[in-house]
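Dear colleague,

Please find below the structure that I am handing over to you, followed by an account of what was found in it. I would ask you to keep the sequence in view while you read.

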Amino acid sequence: MSKINYDLSLIKGIVFDVDGVLSPSTIPLLNDGTPSRMVNIKDGYALQLAVKMGYKVAIITGADSEAVKKRFNGLGISDVFLKAGVKITCLKSWMESNGLSPEQVAFVGDDIPDYECMKYVGLSVAPADAAVDILNIARYISPINGGYGVGRDLLEQLMRCNGQWLSSEKAFGW
């Protein structure tokens, strides 16, 4: 049973922001000023499984980091959009190229740059520590803070509702 008040059988595509969602919102800087992000291994497991199960998964971030791209490409996510200044334009283009309607898409965001995207899709999701304006429009607020398993929370509920969680040998490897 899902805690999400949405027909999860409709969801075919899931889009994630990175900073504050798949990594904590506090980012250490290396000595040269380069941001260094943490990732959550349980999020990574759920992301790669979602791809294997046939979901369209995308990353849309304002970040300009080859490390971010490499991390998510390594999980099987080919649609990684960096330096997205206006995310809604990127989201609409990605949805059109994948034949997805708004009600078929979940967007997970935590701050103002994600606002338009979250208003546009059928299922808007926010981590517990998202900005107030984002919490006010989120259809589902995860009890988990950004960077600590928000992706896993959503994807596990989605796949459980659709009978795909631990349903095949795909679940037991990377």
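Arg160 and Glu156 both lie in helix α6, four residues apart, which is about one turn of the helix. Helices (DSSP runs of H or I, at least four residues) and strands (DSSP runs of E, at least two) are numbered from the N terminus. The side chains of Arg160 and Glu156 meet in a salt bridge, with 2.9 Å from N to O. A salt bridge is counted where a side-chain nitrogen of Lys or Arg is within 4 Å of a carboxyl oxygen of Asp or Glu. Arg160 is partly exposed, because its relative accessible area is 48%. The classes are buried (under 20% relative accessible area), exposed (over 50%) and partly exposed (in between), with a 1.4 Å probe and protein chains only.

Please note that this is a predicted model, in which local features need pLDDT of at least 70, side-chain atom pairs count only at pLDDT 80 or more, and totals for chains, interfaces and linings use all residues. Residues are numbered from 1 along each chain as its sequence is written, and side-chain values use heavy atoms, with hydrogens and water left out.

**Other salt bridges**

Side chains of opposite charge can pair when their charged atoms come close. How many salt bridges are there by this rule? The count comes to six.

One of them joins Lys3 and Asp153, whose closest N and O atoms are 3.9 Å apart. This pair links distant parts of the chain, since Lys3 is in the segment before β1 (13-16) and Asp153 is in helix α6 (residues 150-161), 150 residues apart. Are the two partners buried or exposed? Lys3 counts as exposed because its relative accessibility is 57%, whereas Asp153 is buried, with a relative accessible area of 10%.

Another salt bridge is formed by the side chains of Asp19 and Arg37, at 2.6 Å from N to O. Asp19 and Arg37 each lie in the loop between β1 and α1 (41-52), so the pair ties together parts that are 18 residues apart in sequence. Asp19 is partly exposed at 21% relative accessible area, and Arg37 is partly exposed at 23%.

**A buried charge without a salt bridge**

Asp110 lies in the loop between β4 (105-108) and α4 (115-120). Asp110 is buried yet has no salt bridge. Which side chain of opposite charge is nearest to Asp110? That side chain is Lys87, 6.1 Å away. For charge, Lys and Arg count as positive and Asp and Glu as negative, while His and the chain ends are not counted. Leaving out residues up to four places away in sequence, Asp110 touches Asp17, Asp19, Gly20, Val21, Pro127, Ala130, Ala131 and Ile134. Contact here means heavy atoms within 4.5 Å.

**Two further buried residues**

Gly122 is found in the loop between α4 and β5 (123-126). Gly122 counts as buried because its relative accessibility is 17%. Although Gly122 and Ser101 are 21 residues apart in sequence, they are 8.6 Å apart in space, C-alpha to C-alpha. Not counting residues up to four places away in sequence, Gly122 touches Tyr6, Pro102, Glu103, Val105 and Arg139.

Gln164 is placed in the segment after α6. Gln164 is buried, with a relative accessible area of 16%. Its neighbours within four places in sequence aside, Gln164 is in contact with Met53, Tyr55 and Met159. Gln164 and Ala50 are 114 residues apart in sequence and 9.0 Å apart in space, C-alpha to C-alpha.

**Positive phi angles**

Lys83 has a positive phi of about 55° although it is not a glycine. Lys83 lies in the loop between β3 (79-81) and α3 (87-97), and counts as exposed at 56% relative accessibility. Leu166, also not a glycine, has a positive phi of about 60°. Leu166 lies in the segment after α6 and counts as partly exposed at 46% relative accessibility.

Yours sincerely
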